[in-house]
Amino acid sequence: MLLSLAVTLAVTACGRDQAPATDSTAAQPSFVLDEASLPPVNRFQPSDLDDTINACVDFAGYVNAKFLAANPVPADRTNWGAFEMLDERSTAVQHQLAQHAASLEDATGVEKLVGDFWATGMDEAKINAQGIEPLKDELAAIDALSDTAGLVDWLQRTAARGQGFLLGVAAMPDFQDSSINIAVTGQGGLGLPDTPYYTDDKHAAIREAYVAHIARVLELSGVPADEAARQARDVMAFETRLAKVSKSRAEFSRDVSLYYNPMQVADADKLTPNFPWTKFFEVQGIEQPKLFSVSVPDFFREVDAMLVDVPVEQWKSYLRFHVVDNASPYLSDEFVQQHFEFHNKTLSGQKEIKPRWKRVLATINNQIDEAMGQMYVKVAFPPESKERMEALVANLGEALKERIQNLEWMSDETKAKALEKQAAFTTKIGYPDKWRDWSGLETSRDSYLDNVLAAQEFNYRWMINKIGKPVDRTEWAMPPQMVNAYYNPLQNEIVFPAAILQPPFFDPEATDEMNYGGIGAVIGHEMSHGYDDQGSRFGPTGKFENWWTEADAAAFKERTAKLIAQFDAYKLPDGRTLNGTHTLGENIGDLGGLATAYDAMKKATQGQPDPMTDGLTRDQRFFLNWATVWRRNFTPEELSKRLVTDEHALAQFRAIGAPSNLPAFAEAFNCKPGDPMVRDGDDRVIIW
């Protein structure tokens, strides 16, 4: 939906529920994973190193140039590296599980959900035979709209089914009391990746391609070609107007307060008199909240005006296009292909569409992710990995505590608050202690799109039913099979799904320096998010509060400004630069995380002789594995998109950014002052 905060800040998942997901496999045939058929993981190898490149000049190239040259982006991907290789491995595990679930007779619980989605999604002949038919009723309802009242009714009813593309609500912990969920709403309604795509000259070709895409989708839905072309221009004008009052991803990433703007429902009704929120909550079937957060009020003022001054026919073109475009991945081949041509090929440079089985698994992960996750961890996550991770997290916590205690630039008053926050960290490893209950989600072997729509509505109801209730701190925002990790400032928690706990990040059989340079730095990174420029605005309990003295806040800003300047100065071969402001939070996470992981590694190996594995010192291998994590190729289109939309710096710069600020790196590789990988004096950035 429109609420990026629910996913990126509060990290609130928007999932669903079906038949009891307890121990539904008890009477089913046992499943044994065929590990021999899984893709390989990406471990660091000494043979990866390119001795023609000086580590002190180009550390990323020294570690990764040979791998990147030998591993171009696969045709069905837009980027390729360590993360993506693990994602392929996770996907291969899920492939086996989905096939198994679909083969079960009289399946219940999560196996029935996964099996139904798999069977209907893989029935290509049936989907192709249906064509646009599954959307006929909804398109007819749009065609029948004739006035503002009808538009508002349509928007509110579709939101109640979990299809609030333009206007809707979600549940999120209250910034002022993170133990309680409140209702939140925010901007939405755009089909391009970010607001600059609608205005910047450099995106003119993308805008032209988008208009052509809109026209083609409308034509496929039954609109005559000439009329579809006219309507496409109307849709583009509609979205451009929305974009001009919307905030960019960069703006949201650097000011978390933009997400939080609590008001009474009566005041929200005054903000949008043509779109009564009192009626909206009634249609959603939930109790009217005393307060709810209305992010970016200017966006809602504009939508309210558009409900009156934009012709109904233009609204109908906009709604028709998005209903069809959003459903296209689940329709017949001509819709699927058109969706791919623009969203994947034009925007991101993906050369070939993924095979159907991968696309169906992506749908499963979008709609019933934790159901698949419950099956995944039974076959792909050994208990000893969780035990080893718990020890690593404890060591990283102690190292971070010591770093905070020894900060020269921070007062004792602010240190005390920072240490209180560190002591309050909650850690989640592998998978939830309590699985989500999917009771009530009804799926079948009849229709792929019907299963998707049922899941969307179920997930929406599951989410909004949290409004006004205590936050369930056992919930996860990522499923176990996702190769990722996160920090949630509203719960002050760090979370590491099972799928990332594999090489090069984590290996139970690896030496300490490899694990600390991999998953240890990731742990430190997520902990450091609690102290980045936005995470540091939340206290130990997750409350949005200022716990800094004025002098310490100024000192912090001075140091983060130097990190912004560092990344602003990085250039691509074609001269384009990074955006150090947009990527600041992640760069703070990398710098603090790597430094903390190094300290923890040194303490864990204290008194142990350096094994000099493969002729490399322990410290060298620590930094080499860090860089291995950040090996990644991009298609040109995907790289361009990420420069605009991604709050993470490009991988090759993450490989070098943090190490260049650590004297331990220079010492490990015998680098000298003046080498590109040595930042010293006023150029060196020290934060946490």
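**Notebook: salt bridges**

I began in helix α13 (residues 297-309), where Asp298 and Arg301 sit three residues apart, about one turn of the helix. The model is predicted, I note. Asp298 and Arg301 form a salt bridge, with 2.6 Å between the closest N and O atoms. Asp298 is partly exposed, at a relative accessible area of 46%. Arg301 is partly exposed as well, at 44%.

I then asked how many salt bridges the structure holds. The count is 42.

Next I turned to Arg320. This residue forms a salt bridge with Asp143, and their closest N and O atoms are 3.3 Å apart. The pair links distant parts of the chain, 177 residues apart. Arg320 belongs to helix α14 (residues 312-327), and Asp143 to helix α6 (residues 136-143). Is Arg320 buried or exposed? Arg320 has a relative accessible area of 10%, so it is buried. Asp143, at 45% relative accessibility, counts as partly exposed.

My next entry is Arg356. Its salt bridge partner is Asp333, with the closest N and O atoms 3.5 Å apart. This pair also links distant parts of the chain: Arg356 lies in helix α16 (residues 356-367) and Asp333 in helix α15 (residues 333-348), 23 residues apart. Arg356 counts as buried because its relative accessibility is 11%, under the 20% cut-off. Asp333 counts as partly exposed, at 33%.

Last, I looked for a network. Which residues are linked in a network of salt bridges? I noted Asp76, Arg77, Asp87, Glu88 and Lys358.

Terms used:
Residues numbered from 1 in each chain as written. Predicted model: local features only at pLDDT ≥ 70, side-chain atom pairs only at ≥ 80, totals over all residues. Heavy atoms only, no water. Salt bridge = Lys/Arg side-chain N within 4 Å of Asp/Glu carboxyl O. Helix = DSSP H or I, 4+ residues; strand = E, 2+ residues; numbered from the N terminus. Buried < 20%, exposed > 50% of the residue type's maximum accessible area, 1.4 Å probe, protein only.
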